[in-house]
Amino acid sequence: MDGLVETDVLVIGGGLAGCFTAVGARSSGADVVLVDKNYVGRTGCSVYAAGMALFNPDWGDDIEAWLEQYSRVGEYVVDRSWARILLENSYDRHRDLVDWGVTFYRKDGSRGSLDPGEEPDRPFWLKSRYRHMCTLTMFGGHDKMVHARGAVLDSGCTILDRVMITDLIVEDGMIAGAVGFHVRTGEFVAIQAKATVLASGMVSFKGAGFGRHMGTGDGQAMAYRAGAEMKSMEWGGLMYCIKDCDSVIVDGPTWDTGESKDNVTNALGERFLGDEGNPGTVTLVLWPQEVHAGRGPIYHEPYGVDREAYKEEIIDYESKAEGPWITMLDRAGLDIFNDRLEQITAYVGARPGGGVKIDAGCATSLPGLYAAGDASGCGLGGAAYPAGGTGMNKAAVTGHIAGVNAAEYAGKSGAVNIDDAVIERYRDSVFGPLRRRSGFSTDHVTKRVQQTLFPYEVHMVMHEERLNAALTMVGFFRDHLLPRMRAVDLHDLRKAHEARNMVQTAEMILRSSTVRKESRGTFYREDYPDRDDENWLRWVLFKEEEGEMRLWTEPVPEDSHGDRSMPYDERYPLKYRRE
Amino acid sequence: MPIEKIDLDLCTGCGICANSCPMDVIYWDEKAGKPYIRYPEDCAACYSCELDCPVKAVYVSPQRGRPVPHPW
């Protein structure tokens, strides 16, 4: 064995969730190994996330109002008990970030570390719209992750950078660690662990948009292959970007205040977004509907605000969050302040909230396996992204809970001692694509998945026939391309495993979508174009059984249903567009 | 290509970019003691290297190395 590592708790993925998991497990007395295919501190979406939703009654926050908001925007399939756990634990995790020395935006307009108990500043758009509901702290995404890496090392955890984990070790129905390889040295790595935590981020497909190219559903695919129960992967994630500069997410000055409708027009010049009563990204579901009705493409109208004045407000924090997007647009020769630009919805895969099913302690259905952050399906958000800062909130809180519980589980478990012969069996699956002398390139497989999933008519304006057509193609990729995929070097071997995971998660998304026979939030089916509260206040779950995907549904608890007596139009202010 | 250049005249060889590139694009040239761009087409234009470089030796363009399909 080249690299055999033994530990109490193995954490896979070094974004914010993974860092909180590692620190939480270590503080509970466990030996911890944190592994990432990139570099902990510069991996995953956390690097670009610059805010955390935070509940503190002393600052005037109203948790009940905030939960109502989650529920309404998420269209009543939000897991309210999880949403409450996330908010109630958010202040303690905020204090961790303060202790780690993260730079915050302070009330006097300066930036710096906070004193214990000091109330941070709120972004300007929160002050207007969500006043008194919840605090949203702001920090630099990059800065925060530097401090998170430091906290992991200071706590005494071991970090293994550049190790791509490819599969979980399954022994007698339990998870006993994971295997993979070092992307730079080619070393075979096998990590035996008493408890394993997936903190490996979201399901995405390297498409348009920003900062999501590392999230290729690695944890979700590994967990599925190991037999874990999965949850809520039908909800699609949408962002918006400028067509001629599709690596930019435009998070404009009007977006989160709900005034973005003024900047969005169709081919006829109509401002087609009315007052939907919902903020943020949920209204993105209406853009492909507009295109589908023959009124595309979609344009971004000039902001009509003074660039320099705008800079004062927001460019500073944006430059550390969704990328330095003003700089990026400048370099692309695009002037968003004065010119009309064509824009598109960026399909970013399964929306965070779906993933490996966890209970209130972050345990999955498999003994020894936990999940945190975007890899976990805790049902936060329901059918739409609820509000800014919820991703970091989820990463921090689920990470800590998963870490503490994984450490406790490891403390009660005996030593894991997997036979060398068992470990050796995984070597073929790790290095298989590297040994093929001919076959399909990793870029080819990735591109085929993108060409199948990205057209709007597949997973933005859905129809059973088109979902099944896409599933036919994905089944072909799974059965014909994957066994013949070839990696030319170690860098390419990482891409091969990512491509395999993308093919498998594409199937999960599409198959879950065929089950939900209604529309809700960002999930729009042309063949079932209304919410169906009678039948579909339910979650979709699935798992692998004897090589097949078995799907079922479970009811959403009644405390999440909202006021069922309310007229449909009031209950669902977001109106889908029909021809 | 998204990552277009690392100006080796400015570069001090601190190694941050090669160490931390999340897409495994930037590698380290042991002999020269400097980084080099090994897989430019896989750069996702995340800008971490440009933002982290202490001497502003890195330039990243927002254009993709490999076009991705659009929704319409």
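Modeller: A residue is called buried if 20 or more other C-beta atoms, placed from the backbone, lie within 10 Å of its own. The structure is a predicted model, in which local features need pLDDT of at least 70 and side-chain atom pairs count only at pLDDT 80 or more, while totals for chains, interfaces and linings use all residues. Residues are numbered from 1 along each chain as its sequence is written, and chains are lettered from A in the order in which they are written.

Colleague: Which way do the residues of strand β3 of chain A point?

Modeller: Strands (E, at least two residues) and helices (H or I, at least four) are DSSP runs, numbered from the N terminus. In strand β3 (residues 51-54) of chain A, G51(A) and A53(A) point one way, M52(A) and L54(A) the other way, and all are buried.

Colleague: What does β3(A) pair with?

Modeller: Strands of a sheet pair through backbone hydrogen bonds, either parallel or antiparallel. Pairing here requires at least two DSSP bridges. β3(A) is joined to strand β6 (residues 135-138) of chain A by 4 bridges in the antiparallel sense, with G51(A) opposite M138(A).

Colleague: In what order do the 5 strands of the open sheet stand?

Modeller: The order is β19-β17-β11-β22-β23 in chain A, with mixed pairing. β19 (376-377) and β23 (548-555) of chain A each have a single partner strand, so one side of each lacks a neighbour in the sheet. Within the sheet, β11 (residues 230-231) and β22 (residues 538-545) of chain A run antiparallel, joined by 2 bridges; K231(A) has L541(A) as its bridge partner.

Colleague: How do helices α1 and α11 of chain A pack?

Modeller: Axes are lines fitted to C-alpha atoms, for helices over the stretch in contact, and angles between N-to-C directions run from 0 to 180 degrees. Helix α1 (residues 16-27) and helix α11 (residues 390-412) of chain A pack at about 30 degrees, their axes 7 Å apart.

Colleague: How do the residues of this contact divide?

Modeller: Ala, Val, Leu, Ile, Met, Phe, Trp, Tyr, Cys and Pro count as nonpolar, Asp, Glu, Lys and Arg as charged, and the others, Gly among them, as polar. The contact of α1(A) with α11(A) has 14 nonpolar, 7 polar and no charged residues.

Colleague: How many residues of chain B are in contact with chain A?

Modeller: Contact requires C-beta atoms, placed from the backbone, within 7 Å. 21 residues of chain B are in contact with 39 residues of chain A. On the chain B side, α1 (16-20) and α2 (48-52) each supply at least two residues.

Methods. Contact = placed C-beta atoms within 7 Å. Buried ≥ 20, exposed ≤ 12 C-beta atoms within 10 Å, placed from the backbone.
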